[in-house]
Amino acid sequence: MQEQFHFSLYHSVGRARRAVLALLMGVVLIAGGLQHLSAQAQMAGLPDFTTIVEKSEPAVVNIRTTAKVAARSGAQGQDPYEMFRHFFGPDFQPPGGPRNGQPQNPRGKPRAEPEERSVPRGVGSGFFISEDGYLLTNHHVVEDATDIFVTLTDAREFKAKVIGSDKRTDVALLKVEAKGLAYLPIGSAKLLKKGQWVMAIGSPFGLESTVTSGIVSALGRETGDYLPFIQTDVAVNPGNSGGPLLNLKGEVVGINAQIVSRSGGFMGISLAIPIEEAMSVVDQLRASGSVTRGRIGVQIGEVSKDVAQAIGLPKAEGALVGGVEPDAPADKAGVLPGDVITKFGDKPIGRWSDLPRLVGETKPGTTSSLEVWRKGKPLTLKVTVAELKADKTAAAAPATGKAAEPATTVLGMEVVPVKEDVQKKLRIKGGVQVTAVEAPASTAGVVEGDIILAVNDTDITTPAQFAKVVAGLDQSRPVGLMVRTGDQTRWVAVRTEK
């Protein structure tokens with residue numbers, strides 16, 4: 001019996017040891033697995049933002065603004081005691097009676113004077129770019145603000161003044177009176193690549209020093225504004241405007257400015273101003289408080305693939321001239337509606353939006369070369385850049401009316417000659433006017449009243465010549481028509497029906 005007891009105890013102890021050993025092996029395997037996952041994360045390049053945040057956060061500020069508004073006692077500026085007079089008669093006096101010096105209403109009673117009061121206007125973000133108090137934010141954050149207050153992460157608050165603000169780029173330069181401030185190093189947006197990690201710090205919905213991160217989604221994103229934006233999926237919300245977009249070195253590569261949203265909140269697309277563009281503006285704001293830009297006086301648009309093929313342009317690149325302002329630099333240089341500007345100075349125009357940026361960066365008074373594509377070949381012109389003072393809208397073109405000469409039907413259009421007085425007013429030569437239109441021309445966007453100025457590389461002078469030119473074209477390729485609509489000239493590509 002005793003031997004049996006020792007035997008059972010031995011086996012019980014053995015089982016316990018094996019269970020403990022198995023548990024220890026499991027712990028080792030789990031720990032090893034976690035280390036493996038951590039190693040995999042490190043190999044995958046997942047960033048640790050803690051060091052960047054510690055260094056960058058003190059340089060990022062919360063901005064709140066106030067504005068002066070007119071205020072009157074009583075609802076909608078009315079006399080608050082008018083209701084009492086309705087019940088107690090016109091001689092009713094408010095408690096204390098009329099005050100000396102207070103204006104009287106027609107019944108001899110006091111009338112409330114307009115007053116001004118400060119009200120909160122909005123919140124945003126910003127960041128210091130120097131230790132002596134210069135900081136950047138968005139123009140729309142401080143626009144129309146009466147007072148601007150800057151709050152640091154250590155709870156210090158300063159009143160800021162606007163050194164200069166530029167609406168076109170949405171960049172504002174502010175200054176607070178302080179020394180020894182933390183500031184952010186300036187990086188380069190030109191070195192960014194799609195998929196690269198970036199981080200934002202700001203005050204979304206007034207929540208100060210909020211950190212979000214993501215990747216660069218696209219570069220050179222065009223939104224119809226003056227700048228090509230950096231697109232990211234970093235969470236940016238109202239209040240983040242004006243805050244920095246940082247790379248993994250803690251350098252500023254952009255200023256968070258916009259979101260693309262249907263709800264008003266973050267939906268995965270954020271847009272930032274490239275820091276090079278912003279700093280170029282800052283240099284001028286710091287020197288003079290304003291930004292000087294060049295202009296040449298053209299209205300431009302995109303060159304489509306079909307139009308490029310129709311006019312013989314090797315690639316669908318450049319800026320298509322839709323209109324030329326009379327007596328503007330481009331007009332004096334010889335630029336014509338329908339030209340495609342392919343190069344400004346020594347820089348090619350890849351997208352049509354490149355041209356206003358290149359011209360805008362040019363100092364007024366500078367003479368530059370301008371390469372245009374006209375009638376199947378390049379032509380170099382000389383243009384002297386003028387100063388952009390204000391946005392101008394071209395005057396509307398006069399009504400064209402119908403000529404009495406019989407119409408000619410070509411490409412689904414009935415056309416007639418353009419009267420001489422209309423040609424003079426529109427500053428054109430020749431052309432034919434569309435009096436009726438159907439497919440294929442209507443499908444391409446030609447409408448009644450349009451004036452056809454050219455077909456591919458041939459200027460149009462009469463309806464008969466127009467019909468002859470079209471009849472001799474290769475019907476397998478799109479036909480390029482230079483069309484004048486109102487004060488705009490554009491190219492359209494008409495695909496002929498077989």
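This is a predicted model: local features need pLDDT of at least 70, side-chain atom pairs count only at pLDDT 80 or more; totals for chains, interfaces and linings use all residues.
Residues are numbered from 1 along each chain as its sequence is written, and side-chain values use heavy atoms, with hydrogens and water left out.

**View 1. The whole protein and its confidence.** The protein has 11 helices and 27 strands; helices (H or I, at least four residues) and strands (E, at least two) are DSSP runs, numbered from the N terminus. Of its 498 residues, 41% count as buried. Buried means under 20% relative accessible area, exposed over 50%, and partly exposed in between (1.4 Å probe, protein chains only). Among contacts between residues at least 6 apart in sequence, 60% join residues at least 24 apart; contact means heavy atoms within 4.5 Å. The mean pLDDT, the predictor's confidence in each residue from 0 to 100, is 80, and 76% of the residues reach 70 or more.

**View 2. Helix H5 and its buried face.** Helix H5 has 14 residues (275–288), which at 1.5 Å a residue should span 20 Å; its end C-alpha atoms are 20 Å apart, in agreement. The expected span is 1.5 Å times one less than the number of residues. Buried in H5 are Ile275, Ala278, Met279, Val281, Val282 and Leu285. Seen down the axis of H5, these buried residues fall within an arc of 160 degrees, so they line one face of the helix; the arc is that of the directions from the helix axis to the C-beta atoms. Asp283, Ala287 and Ser288 are exposed on the face turned away from the buried side. Just after H5, Gly289 takes a positive phi of about 85 degrees.

**View 3. Strands against H5.** The buried residues of H5 pack against strands S3 (134–137), S5 (157–166), S6 (171–175), S11 (252–259) and S12 (270–274). H5 lies across S11 and S12, running at about 50 degrees to S12; axes are lines fitted to C-alpha atoms, for helices over the stretch in contact, and angles run from 0 to 180 degrees between N-to-C directions. S3 is covered on both faces, with Tyr134 and Leu136 buried on one side and Leu135 and Thr137 buried on the other. S3 and S6 pair in the antiparallel sense over 4 bridges, pairing being assigned if DSSP finds at least two bridges between two strands. Leu135 stands opposite Leu174 in S6.

**View 4. The barrel and the S9–S12 pair.** In the order S7-S8-S9-S12-S11-S10, 6 strands close into a barrel with antiparallel pairing. The twist averages 45 degrees from one strand to the next. S9 (residues 229–232) and S12 run antiparallel and are joined by 3 bridges; Ile230 has Ala272 in S12 as its bridge partner. Gln231 lies in S9 and counts as buried at 11% relative accessibility. Leaving aside neighbours within four places in sequence, Gln231 is in contact with residues including Ile215, Arg221 and Leu271.

**View 5. Met267 in the loop between S11 and S12.** Met267 lies in this loop and counts as partly exposed at 47% relative accessibility. Beyond its neighbours within four places in sequence, Met267 is in contact with Val260, Ser261 and Arg262. The C-alpha atoms of Met267 and Asp233, 34 residues apart along the chain, are separated by 8.5 Å.

View 6. Most residues other than glycine have a negative phi, and most peptide bonds are trans. Phe205 has a positive phi near 55 degrees and counts as exposed at 58% relative accessibility. Asp144, in the loop between helix H4 (139–142) and strand S4 (147–151), has a positive phi of about 65 degrees and counts as exposed at 65% relative accessibility. The peptide bond from Ala439 to Pro440 is cis, with omega near 5 degrees; Pro440 is found in the loop between strand S23 (432–437) and helix H10 (441–444).
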